[in-house]
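Open your viewer, get ready to select residues by number, and follow along one stop at a time.

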Amino acid sequence: MTLTQELESKVQALKSMECKTCLFDSSFVKIEEDGECEMCKLQEKQRNQAREPWEKVLDRIKKKGKGRKYDCLIGISGGEDSSVLLYLAVKVWNLRVLVLHFNNRTNTPEATNNIKVLIDNLNVNFIEYFPAKKEYDDLTDSLLKAGVPDADLSNDVIMSKLTFKFAKDNGIKVTLNGHSFREEGSSPKAWSFLDTTYLLDIYKRFNHKDLYYYDVLTIWDQIHSALIGMDRISPYHYAEHNRSQTIQELKKIGWKPYGVKHGENIYTKFVGNFLLPNKFNIHKIKTYLSAAIREGNMTKGFAKEILATPPEFDLNELGERKDHILRLVNLSPIRPRSDYKQTNYKKLKPLFWLLVKLRIVPFSMYAKYCK
Ligand SMILES: [Zn+2]
């Protein structure tokens, strides 16, 4: 082996250095000196931050709701995480909940059924929000044309805004979400990038105008929510809450499972199971499996066995937009995110730290974007 070859092989080995604990590697996360990746370190911090007993957190939610019509707002997708959360909130924790669903018209039949079953059985007030179709489709198309892996960003950004807007308009001080770092982990920044400035620039770049109907969460909204004392809580961070037993209860009232994680929405499933692995070599399942390994719920060997089965997606599920979407995917070259405008998170680091302390911004977001 020549010196050049030796150097090249060393560079290659460094490039693909795997975390000693999880499935992540140095091609998309930073590996620390002890051989563990930054996302393992993040999960350890999240575990330490969630030591407060759930009963105490619940007490805080109820105190905030005293004298108000609702204790909290929950956004639901028809998927398992939010369905279980809503059921627990109403039936077990006795919270008065306002329910919100953002319907981007790509729900699976199971999700549609599950939302109906929950609303019919739990006797809760429900807001279903539909975005303006043409503009939403143009926005989704822009993200495909941009050649970046953040194809489902529009969904996440509008949901954050709607949660804030409807909570504020209804005098609600607490929003609950179904995220669990223990089961889902967090996506590395290289894999998903939640930034409004970036989304707005991509839309403008490919449509030559600003978004008109579609309202996005701004940093001012986040400051506003801190000033009016809003609290963003992830109950799964504090306890397991008998999830499997709750799913059995849900099935009794007609709730239906839908297979893969986040498979309740056709477009989200297309992005996670087809677009990301095939075009960007991004396998989101590594995030969920790695989270389980870090919690000691799965061995790395077993996780690799699961990973060996390629994700499935039937393209016909995309319906009448199938050919159009595939044409955009095939015609748009992969481009770096730096081709588009972005929020300068590093400059806003002190502000975001404050928002984390006030429980408005999740710590994972601060750790990923501001450091
Ligand atoms: Zn790791």
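Begin by selecting Thr108, in the loop that runs between β2 (97-102) and α5 (109-122). Keep in mind as you go that this is a predicted model. Is Thr108 buried or exposed? Thr108 has a relative accessible area of 2%, so the residue counts as buried. Now show Glu264 as well: its backbone oxygen lies 2.9 Å from a polar atom of the Thr108 side chain.

**A buried lysine**

Next, pick Lys279 in helix α11 (residues 266-280). Lys279 is buried yet has no salt bridge. Which side chain of opposite charge is nearest to Lys279? That is Asp150, and it is 12 Å away.

**Salt bridges**

The structure holds 31 salt bridges, so let's visit a few of them. Select Lys64 and Asp231, whose closest N and O atoms are 4.0 Å apart. Lys64 sits in helix α3 (residues 54-65) and Asp231 in strand β5 (residues 231-233), so this pair ties together parts that are 167 residues apart in sequence. Lys64 is partly exposed at 26% relative accessibility, while Asp231 is buried at 3%. Both belong to a network of salt bridges that also links Glu52, Arg60 and Arg359.

Move on to Arg243, which is buried, with a relative accessible area of 5%. Arg243 forms a salt bridge with Glu80, with the closest N and O atoms 3.4 Å apart. Glu80 belongs to helix α4 and Arg243 to helix α10 (residues 243-252), so the bridge joins parts 163 residues apart in sequence. Asp81 also meets Arg243 in a salt bridge, at 2.5 Å from N to O. Asp81 is buried, as Arg243 is, whereas Glu80 is partly exposed at 27%.

**Two loop residues with positive phi**

Most residues other than glycine have a negative phi. Select Asn94, in the loop between α4 (80-92) and β2, where phi is near 55 degrees. Asn94 is exposed, at 54% relative accessibility. Then go to His208, in the loop between α8 (196-207) and α9 (219-227). Phi of His208 is near 55 degrees, and His208 is exposed, with a relative accessible area of 70%.

**Last stop: the surface**

Finally, select Lys45, Lys189, Lys346, Lys349 and Lys371, which form a positive surface patch. One of them, Lys349, lies in helix α15 (residues 349-357) and counts as partly exposed at 33% relative accessibility.

How values were computed
Residues numbered from 1 in each chain as written. Predicted model: local features only at pLDDT ≥ 70, side-chain atom pairs only at ≥ 80, totals over all residues. Heavy atoms only, no water. Patch = residues over 30% accessible without salt bridge, like charges linked within 9 Å, V, L, I, M, F, W, Y side chains within 5 Å. Areas by Shrake-Rupley, 256 points an atom, 1.4 Å probe, with all protein chains shown as cover. Lys, Arg positive; Asp, Glu negative; His and termini not counted. Charge placed at Lys NZ, Arg CZ, Asp CG, Glu CD. Helix = DSSP H or I, 4+ residues; strand = E, 2+ residues; numbered from the N terminus. Buried < 20%, exposed > 50% of the residue type's maximum accessible area, 1.4 Å probe, protein only. Polar contact = N/O pair within 3.5 Å; in protein donor to acceptor, adjacent residues only side chain to side chain.
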